[in-house]
Amino acid sequence: MSHTDHAASFPEPATRVPEDDDPVAACPYCDRPFQGEHARDLHVGEAHDPTPEERDRYEAALDVERDDLWLFHARAVIGLGVTYTATVILYMAVLGSGIV
Ligand SMILES: [Zn+2]
């Protein structure tokens, strides 16, 4: 199963560009509009047969995507840790105060 087969299984996205709005980037193969070159580079690499230059851009965009995802996971883990610690401290404080 190639990249192209995988991308073909996605539903057709709703892409309507308002009359007075210029899309930042468009796919050179299927003219699909994108809000940024990052998304366009990812689309070209996944849905079409990219040239070596486009493949480089796709891989660079993929790296950025991975970094963003890592940062999101790191934030989620830190958030969970802080919530857990606060809950434990609050629980111990309530137990220690003799209210319950
Ligand atoms: Zn395209």
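Tutor: In the chain, 11% of the contacts between residues at least 6 apart in sequence join residues at least 24 apart, where a contact requires the C-beta atoms of two residues, placed from the backbone, to lie within 7 Å. The model is a predicted one, in which local features need pLDDT of at least 70 and side-chain atom pairs count only at pLDDT 80 or more, whereas totals for chains, interfaces and linings use all residues. Residues are numbered from 1 along each chain as its sequence is written.

Student: Which pattern does the chain follow, and how many helices and strands are there?

Tutor: The chain has 3 helices and 2 strands, and read along the sequence they give the pattern α-β-β-α-α. Helices (H or I, at least four residues) and strands (E, at least two) are DSSP runs, numbered from the N terminus.

Student: Why is A61 called buried?

Tutor: A residue is buried if 20 or more other C-beta atoms, placed from the backbone, lie within 10 Å of its own, exposed if 12 or fewer, and partly exposed in between. A61 has 20 C-beta neighbours inside 10 Å, so A61 counts as buried. A61 lies in helix 3, and, leaving aside its neighbours within four places in sequence, A61 is in contact with H38, D41 and L42. The C-alpha atoms of A61 and H38 are separated by 5.8 Å, although the two residues are 23 apart along the chain.

Student: What makes L62 buried, partly exposed or exposed?

Tutor: L62, which is also found in helix 3 (residues 52–97), has 14 other C-beta atoms within 10 Å, and therefore L62 is partly exposed. The C-alpha atoms of L62 and L42, 20 residues apart along the chain, are separated by 7.0 Å.

Student: How do you know whether the span of helix 3 agrees with its 46 residues?

Tutor: The expected span is 1.5 Å times one less than the number of residues, so helix 3 should span 68 Å; its end C-alpha atoms are 67 Å apart, which agrees. Helix 3 is followed by G98, whose phi is positive, near 80 degrees.

Student: What is the count of buried residues in helix 3, and which residues are buried in helix 2?

Tutor: Helix 3 is hardly covered, with a count of 2 buried residues among its 46. In helix 2 (residues 37–47), the residues R40, D41, H43, V44 and G45 are buried, and what covers them includes strand 1 (25–26), strand 2 (33–34) and helix 3. Over the chain of 100 residues, buried residues make up 7%.
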